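Good morning, and thank you for coming. Please look at the sequence and the model on the screen while I go through them.

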Amino acid sequence: MGGVDQRFRALVCAYAVSGYGNFLNLIAMSLFSYQVTGTAFGVGVVMALRLLSGFVAGLTAATLAARTTRLRTMVCADVAQCLVLSVLALCAARTPMWLLCGTVVVMGAGNTYFTVALRSAVPAMVGQESRTRATGLLVTARSMATVLGFASAAPVIALGGYGTAFAVNAASFAVSAGALLVLRPRTDGDDEAVPEEDGRGKDAVRPRGPRVWHGMAGLPALLLGMILLRGFDALASSSHNVALPVVANASAPSDPALFMTRFWVAWAVGTIAAQMVIRRMRGASSWGERAFALCTLAMSVSFVAAFTGLPAAALMAAAACAGFADGWAETVYTARLQAAPDRQRTRLFGLSATAETAGFALGTVLAAAALEALPALTVVGVFHGTAVCGALVLLFFVTGRARSLSSTSGKEGDTHGTRAGADSLPGA
């Protein structure tokens, strides 16, 4: 199936529904965990279990993909999360600790398995030529779900309690699973060769000398570098997620929720604007490794600027810039990994999920501890500084690789210019 057709758009809508339930659940589960455990340490343990299960799922996603189809993985992940949340909704009044822990383990693993399967399946669903646009639709849907989920968490919990919040999340997973079963999209493709993102293709001139190093388990080093930078990005992002409630309460003590809502709405508007621009872009520059590094750098700088005590309008502008760069970086990154052959794709996204989960988990712990002694701006600046450094290193290697390819092509062009000219003549 080629192109972003109505079936895929329907799938995106179902994904947005389950995403809304997920982000609603993030708020509800944090508050509910505190109610069940009674301590901040207990909340930390529950969060750690969820992140740990997601980490393990990322490591095992490729093994699972070799044993079943991506469609089956996504349906089973949705059904499993729907079932555990339904049980939790029914037992919300009297929830034992083992049930809470079991629920977060299933949710952490299920969310990772679903995300890895969906992202790696996009080229099979829409074709390689439409993967960037399709990924942009998924990023936009998730951004809107983020804002709606966060914004509606408080009124849903206030009106119906935690049981209602968990029931809504369970229903969202049922919608997603139902859509997958009805639409039955193609999720597994042939192990096709995909032209390189710089446009040179499989017959491009390679640098002479030692073979380009291939990293972990035969994966290209440049892709591993992008995955590592994505992990640093998650580490940096944890700092502003932890610091934002602190700043909201300090800057707007009368209504911190409104402060956070404005921030995330502006961020979401930025991500949507990025997708509108990407759709009008042509050529490798809109989705290459260099664009990913530059967007990661711009995103980190914008997030740091948002914590410098700006007035409301400037704060929203900084958040929108961060969202714009964030949306562009994620689309570029996902589309680049999707360009890999089908068999390698799940492996890459599994490693990516592992790196992002590990980075966010470590960052959350370190940022929370640092905020006890340091101001929010310092913490956010240091954490996002790691992402900036990582982006600069990746940019350096991408630029060096491009120069190496260019100089090698030039030399071979001088050596074989006559033959190249002959081959270009009609009938040669």
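How many nonpolar, polar and charged residues are in the lining of the largest cavity? The lining has five nonpolar, four polar and three charged residues. In this classification, Ala, Val, Leu, Ile, Met, Phe, Trp, Tyr, Cys and Pro count as nonpolar, Asp, Glu, Lys and Arg as charged, and the others, Gly among them, as polar.

Before I continue, a word on the basis of these values. This is a predicted model, in which local features need pLDDT of at least 70 and side-chain atom pairs count only at pLDDT 80 or more, while totals for chains, interfaces and linings use all residues. Residues are numbered from 1 along each chain as its sequence is written, and side-chain values use heavy atoms, with hydrogens and water left out.

Let us begin with the overall fold. The protein has 12 helices and zero strands; helices (H or I, at least four residues) and strands (E, at least two) are DSSP runs, numbered from the N terminus. Of its 428 residues, 48% count as buried. Buried means under 20% relative accessible area, exposed over 50%, and partly exposed in between, with a 1.4 Å probe and protein chains only.

I now return to the cavities. On a 1 Å grid over the protein atoms alone, a cavity is a set of points where a 1.4 Å probe fits but cannot get out, and lining residues have an atom within 4 Å of a point. Grid points are joined across faces, edges and corners, and a volume is the space filled by probe spheres set on the points. The count is five cavities of 30 Å³ or more. The largest cavity holds about 110 Å³ of space, and its lining residues include Tyr-15, Arg-119, Arg-142 and Glu-330. Helices α4 (97-126), α5 (131-183) and α9 (312-338) each give two or more residues to this lining.

The second largest cavity holds about 60 Å³. Among the residues that line it are Ala-61, Arg-70, Tyr-113 and Thr-346. Helix α4 supplies the largest share of this lining, with four residues. By class, the lining divides into six nonpolar residues, three polar and one charged.

Next, the aromatic rings. A pair of aromatic rings is described by the distance of the centres and the angle of the planes. Rings of Phe, Tyr and Trp (its six-membered ring) pair if their centres lie within 6.5 Å; planes under 30 degrees apart count as stacked, over 60 as edge-to-face and the rest as tilted. The whole structure has 11 such pairs. In one of them, the rings of Phe-32 and Tyr-162 have centres 5.3 Å apart and planes at 55 degrees, so the pair is tilted. Phe-32 lies in helix α1 (residues 6-37) and Tyr-162 in helix α5, 130 residues apart. Both Phe-32 and Tyr-162 are buried.

Finally, the cysteines. A search of the whole structure finds zero disulfides, a disulfide being a pair of cysteine sulfur atoms within 2.5 Å. Cys-82, in helix α3, is buried, with a relative accessible area of 17%. By contrast, Cys-76 is partly exposed at 47%, and Cys-389 is partly exposed at 48%.

Note on methods: 1 Å grid on protein atoms, 1.4 Å probe; cavity = no way out; pocket = protein on both sides within 12 Å on 5 of 7 lines; lining within 4 Å.
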